[in-house]
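Please open the structure in a viewer and keep the selection panel at hand.

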Amino acid sequence: MFQTFEDVSDPKAGTQRVKMLRALLKKKKLDGFIVPQTDEFQNEYLPENARRLLWLTGFSGSAGSAVILTKKAAMFIDGRYTLQVRDQVDTDIFETLQVPQNSMGDWLAQNLPNGSRLGYDSNLVTLAGFERLKKAVGDAGSRLVSVRNNLVDEIWEDRPAQPKAKIILHKKKYSGQSAADKLADLQEKLARQDHDGLMISQPPSLCWLFNIRGGDVPCAPLVLGYGFVPAKGRPMLFLDGDKLGNTERAALEKLADLYEPEEIGGQLKTALNEMGKGAKIQLNAATTSMRLAGQVKAAGGKICQAADPLALPKAIKNSTETEGMRHAHIQDGAAVSRFLAWLERQKPGSIDEITAVKKLEKCRRKTGILQDISFETISGAGDHGAIVHYRVSESSNRGLEKGSLFLVDSGGQYFEGTTDITRTVAIGRPSDEMKRSFTLVLKGHIRLAMARFPKGTRGVDLDVLARAALWNAGLDYDHGTGHGVGSYLSVHEGPQNISKRGMTPLEAGMIVSNEPGYYKTGEYGIRIENLVLVSPASQIEGGEREMLGFETLTKVPISHRLIVTSLLDREELAWLNAYHAQVLAEISPLVDKKTQAWLKKATKKIG
């Protein structure tokens, strides 16, 4: 099993560990310390040795930050974790605050005593984040203090070792472009911008550029390391050499000079000295740590802050990548359909959340091409479905009981692509309220899937399409509607997204999720998620502008049993029936006879 179910969160342990941290603060003559859920690479999913926030507080979400002062403490989380955080941390110690409604800066301004010294780890705070923190702490009449060693590490006695997963080469038949060509394109772009070099600190960009993959973090085939690409000359890669086999080393040595991560300061100084005084080095202030930025400065570089120039080329998939994603989704759709067909045959109450996760992973493994899951499966029965990023454990595990809803959000990692799908199904007979809520979510999903929009349209411009039906009923959801997805990389990828903060224009070749939802605390959760590919839209008669639209990649039935047909208009019904006809045609040849029979029923025309 890729997924495990042990209880990783323990609020009681967190209580004792906060006491230990406060004792160390006193010893270090500090008045507080910042503990973000991140590592030096700003990864979303972290290696075990970097999960400091979990170890200290018990919070297991993928995004969050804590501030521990000598007498107060606060936990900052987004709307996905408002319920989860209350169960996982000691709320007698931590004040839990949702962002962006609340900010760490505002909290510090109100709670940090004048003249305080607030500690931080320069490996974990970005250049941009530091400037915001510096202002907030300064406004409170206090100052930030960089610590030599992370304070959590000093009290974490059994901290795991650094990951040592082997690096593999991502073949051109999957990437569609050689690493040499990608590097040439990047160097040409740097020269046009009059920049002398680029510092790469994010593993997804590093892996995409050099066509490498690894296993240093769970659920994403990432290699932890850094890269430096000059506008002219040989690039440098800073990787743990123990991860390289002879074949991989030989291939990478054709592209770059290889060094250990500890050599980055000295090698940068040598390279920048050769470029001349004040070499202009581009880096992304939003993702580059203060420590790495300091090494660039110490080497004599002049920092030029700019967005990651690899983000857009990585997000806009080429024809090989898009065809690979289509194939991966058909295989994944067959696996999920086998699971849903099996689930419908089970008697209500006879299986639980963990059993469902194990069965679904088994179905994916039967494809013979699964490399990993793309995130831990969210298997939420009943009111667990209302916890947006619920993680089932041995202690929280519950049965799929009659009359409840079951939300399952999952994905797979395949050489050809990354998948992410959510389906909500009824266990037994659903209530009229459940069906109405599901249909409102479905209306939003369909309206976004059907969208036609001109070039230059941003995610924020489309977000309302997925919410309008819910808004008209006085309902909403507290997460984004869609996130970008990588090609055998991270399941969450930028810069594009569909949300209230989605300011990047959508371009053909981008992949985003379409996942509106509704969550009734204490009762049930609903989410319907497909991945879609931004594509040129067919010519509109009388139209004057070139338009874009979405091609739905995910191929799995949407539950008929939860749909109130009368709430769907003619266009929505036509879309749903056409989608199900396509699912039947593409998935049925890949599955067993029992699943074929279920598919035929599940994709039957309605209306």
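The stops that follow cover salt bridges, aromatic pairs and charged surface patches.

The model is predicted: local features need pLDDT of at least 70, side-chain atom pairs count only at pLDDT 80 or more, and totals for chains, interfaces and linings use all residues. Residues are numbered from 1 along each chain as its sequence is written, and side-chain values use heavy atoms, with hydrogens and water left out.

**Salt bridges**

The structure holds 33 salt bridges, each being a side-chain nitrogen of Lys or Arg within 4 Å of a carboxyl oxygen of Asp or Glu. Select Glu 188 and Arg 192, whose side chains meet in one of these bridges at 3.4 Å, N to O. The two residues are four apart in helix H8 (residues 179–192), so about one helical turn separates them. Helices (H or I, at least four residues) and strands (E, at least two) are DSSP runs, numbered from the N terminus. Glu 188 is partly exposed at 48% relative accessibility, while Arg 192 is exposed at 59%. Here buried means under 20% relative accessible area, exposed over 50%, and partly exposed in between (1.4 Å probe, protein chains only).

Select Lys 317 and Glu 493 next; their closest N and O atoms are 2.6 Å apart in a salt bridge. Lys 317 lies in the loop between helix H13 (311–315) and helix H14 (319–344) and Glu 493 in strand S23 (residues 493–498), so the pair ties together parts that are 176 residues apart in sequence. Lys 317 is buried, with a relative accessibility of 6%, and Glu 493 is buried at 7%.

Now select Glu 48 and Arg 51, a salt bridge with its closest N and O atoms 3.7 Å apart. Glu 48 is partly exposed at 46%, whereas Arg 51 is buried at 19%. For a network of salt bridges, select Lys 443, Arg 447, Asp 569, Glu 571 and Glu 572 together.

**Aromatic pairs**

How many aromatic pairs does a search of the whole structure find? It finds twelve. Rings of Phe, Tyr and Trp (its six-membered ring) pair if their centres lie within 6.5 Å; planes under 30 degrees apart count as stacked, over 60 as edge-to-face and the rest as tilted.

Select Phe 76 and Trp 107, an edge-to-face pair with 6.3 Å centre to centre and 80 degrees between the planes. Phe 76 is in strand S3 (residues 73–77) and Trp 107 in helix H4 (residues 104–111), so this pair ties together parts 31 residues apart in sequence. Both Phe 76 and Trp 107 are buried.

Move to Phe 453 and Phe 550, a tilted pair with 5.2 Å between centres and 50 degrees between planes. Phe 453 belongs to strand S21 (residues 453–454) and Phe 550 to strand S28 (residues 547–552), 97 residues apart. Both Phe 453 and Phe 550 are buried. Then select Tyr 174, Phe 415 and Tyr 488, which ring pairs link into a cluster.

**Charged patches**

Finally, display the surface. Lys 402 sits in the loop between strand S16 (378–381) and strand S17 (404–410) and is exposed, with a relative accessible area of 68%. Asp 10 lies in the segment before helix H1 (11–28) and is partly exposed at 40%.
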